[in-house]
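Subject: Structure for you, with notes

Hello,

Please find the structure below. My notes on it come after.

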Amino acid sequence: MSLPPKIIVAPPGPRSRDLSTRLSAAECPAFDARRDAREETSGAPQSPVVYERGESANVWDVDGNRYVDLVAGFGALIFGHAPRAIEKIATEQEAKLGLALGDVYASEVKVELCEKLASLFPEPGARVMLGLSGADALTAALKTVALSGKSRVVAFEGSYHGLSYGPLAACGLSSNFRAPFRDQIGDWVTFEPYPATPDIARDVLARLRALAKSEGGKAVGAVLIEPVLGRGGVVEVARDFLRDLRSICDDAGWMLVVDEVFTGCGRSGAFSRAVAEGVLPDILCLGKGLGAGRPISAMIGRAHMMAAWGAHRGTTIHTATHFGSPPSCVAALAVLRALDDGSVYASVARKGASFRDALIAACAHRAVVRQRGLMLAIDLGTSARVLSASRALLERGYIVITGGARGESITLTPPFDIREELLAGFATTLDEVLETLDERGAKARA
Ligand SMILES: Cc1ncc(COP(=O)(O)O)c(C=O)c1O
């Protein structure tokens with residue numbers, strides 16, 4: 001059972017500080033550089049804690065502090081840290097067969113997982129490619145687009161698809177991600193504004209209709225979209241946008257690639273948000289929650305879209321050593337079985353809505369709250385305010401993360417089975433934190 005926070009030494013404690021110093025000396029300097037920049041922006045310290053163990057919605061740091069984890073492995077730990085039933089079968093599988101031989105000799109559990117994922121796709125005959133990360137699923141999707149003979153992709157500002165080279169090119173969240181690598185990633189993506197409001201949606205649809213009729217439209221193979229921006233700050237597409245986009249793609253002969261690495265597997269209250277809204281993707285990408293902490297992702301494509309892979313003769317053109325590893329496959333099968341009866345989706349939707357209401361009741365006068373299922377963003381207006389609030393929350397025992405295109409939101413992706421008292425406790429603490437920040441701000445201005 002998850003417990004409330006218990007801070008016994010101000011974080012980061014001495015062991016966290018020591019380990020962080022050692023990490024700084026050994027790890028790529030990018031992460032320290034980001035922390036330094038954040039300290040400069042906010043004036044709040046950003047020195048990290050180091051995790052020791054996790055159970056359900058709690059993590060403990062190496063100094064013995066207990067936190068309520070509202071990020072849960074960037075949303076991947078849908079059943080919390082160390083979910084007992086899943087870990088048991090995955091470890092048993094590890095002891096029996098830890099690695100098969102990828103695309104050469106499969107394991108039985110990989111067969112079962114591919115069948116299960118294909119059966120969850122709304123159209124019969126769908127085909128599956130497994131990967132390790134969300135970016136792998138997107139890479140497979142983008143390669144499927146290239147195999148159609150038309151490589152250009154329309155993607156959206158504010159969206160995130162992973163940072164390996166294919167997905168990176170389509171990452172609209174921040175041009176900073178792409179800029180240093182521009183020469184290597186090429187120029188095959190056109191960005192549209194994310195259609196968050198009816199006005200933007202209408203303009204985007206009009207431009208896409210015009211593109212479809214133009215010469216340029218002939219080079220486009222797909223439109224790639226997140227139905228709700230995850231890292232981009234829990235922003236949803238305007239009503240009916242996906243349906244209209246589906247019809248434009250049908251008319252133009254473009255694939256509709258839906259990235260549900262964040263929203264899928266229950267996080268947004270459905271197996272697939274697009275499918276729940278009555279829209280059939282040509283390609284659906286899943287990751288994060290699919291393995292409940294084990295590294296696994298999947299790309300599921302409609303039969304005729306995937307046919308080009310079969311037409312290719314000779315060497316395997318997409319595989320990796322650890323793709324479809326048996327322990328990850330059994331974990332994913334267990335996740336999908338747990339999601340099967342739909343009660344998890346209903347509970348995520350209900351719990352998310354009541355958490356949103358608690359946050360609004362506690363701090364609507366200081367923040368804007370956006371929510372879909374158990375993905376929530378608390379918009380504080382500036383990244384400096386978010387960084388200061390996140391630090392104060394860490395010091396009070398809550399793990400949160402920044403989100404949004406400008407880092408202006410706190411993003412929360414708690415485990416599905418988190419106790420509601422813990423969410424209520426967070427709402428109250430957030431209100432106190434924001435009040436203190438605002439008072440400090442007012443004093444500094446006076
Ligand atoms: C919508 C979306 N797609 C793809 C990815 C990339 O997943 P990964 O970090 O596992 O590569 C993410 C990660 O946050 C995501 O939110």
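Predicted model: local features only at pLDDT ≥ 70, side-chain atom pairs only at ≥ 80, totals over all residues.

Residues are numbered from 1 along each chain as its sequence is written.

A few conventions first. Helices (H or I, at least four residues) and strands (E, at least two) are DSSP runs, numbered from the N terminus. Two strands pair if DSSP finds at least two bridges between them. Axes are lines fitted to C-alpha atoms, for helices over the stretch in contact, and angles run from 0 to 180 degrees between N-to-C directions.

Sheets

L286 stands opposite A298 in β12.

There is also an open sheet of four strands, ordered β13-β14-β17-β16, and its pairing is antiparallel. Here the edge strands are β13 (368-372) and β16 (401-403), each pairing on one side only. The twist from one strand to the next averages 30 degrees. Three bridges pair β16 with β17 (residues 409-412) in the antiparallel sense, and I401 stands opposite T411 in β17. Helix α14 (residues 343-363) lies across β13 and β14 (375-379) and runs at about 175 degrees to β13.

Helix packing

Two packed helices are described by the angle between their axes and the distance between the axes. For the contacts below, two residues are in contact if their C-beta atoms, placed from the backbone, lie within 7 Å. Angles under 35 degrees count as roughly parallel, over 145 as roughly antiparallel, 65 to 115 as roughly perpendicular and the rest as oblique. As for residue classes, Ala, Val, Leu, Ile, Met, Phe, Trp, Tyr, Cys and Pro count as nonpolar, Asp, Glu, Lys and Arg as charged, and the others, Gly among them, as polar.

- α3 (residues 84-96) and α13 (residues 326-339) pack at about 150 degrees, their axes 8 Å apart, which makes α3 roughly antiparallel to α13. On the α3 side the contact is made by A85, I86, I89, A90, Q93 and E94, and on the α13 side by P326, P327, V330, A331 and A334. By class, the residues of this contact are nine nonpolar, one polar and one charged.

- α2 (residues 30-42) and α15 (residues 383-395) cross at roughly 105 degrees, and their axes come within 8 Å. That makes α2 roughly perpendicular to α15. R38, T41 and S42 of α2 meet S383, A384, L387 and S388 of α15. The contact of α2 with α15 has two nonpolar, four polar and one charged residues.

- α9 (residues 198-213) and α10 (residues 241-252) pack at about 5 degrees with their axes 10 Å apart, and are therefore roughly parallel to each other. A201, L205, L208, R209 and A212 in α9 meet F241, D244, I248, D251 and A252 in α10. Seven nonpolar, no polar and three charged residues make up this contact.

Backbone details

A cis peptide bond joins P11 and P12, with omega about -5 degrees. P12 is placed in the segment before α1 (14-26). V234, a residue other than glycine, has a positive phi, near 50 degrees. V234 lies in the loop between β8 (228-229) and β9 (235-236).

Regards
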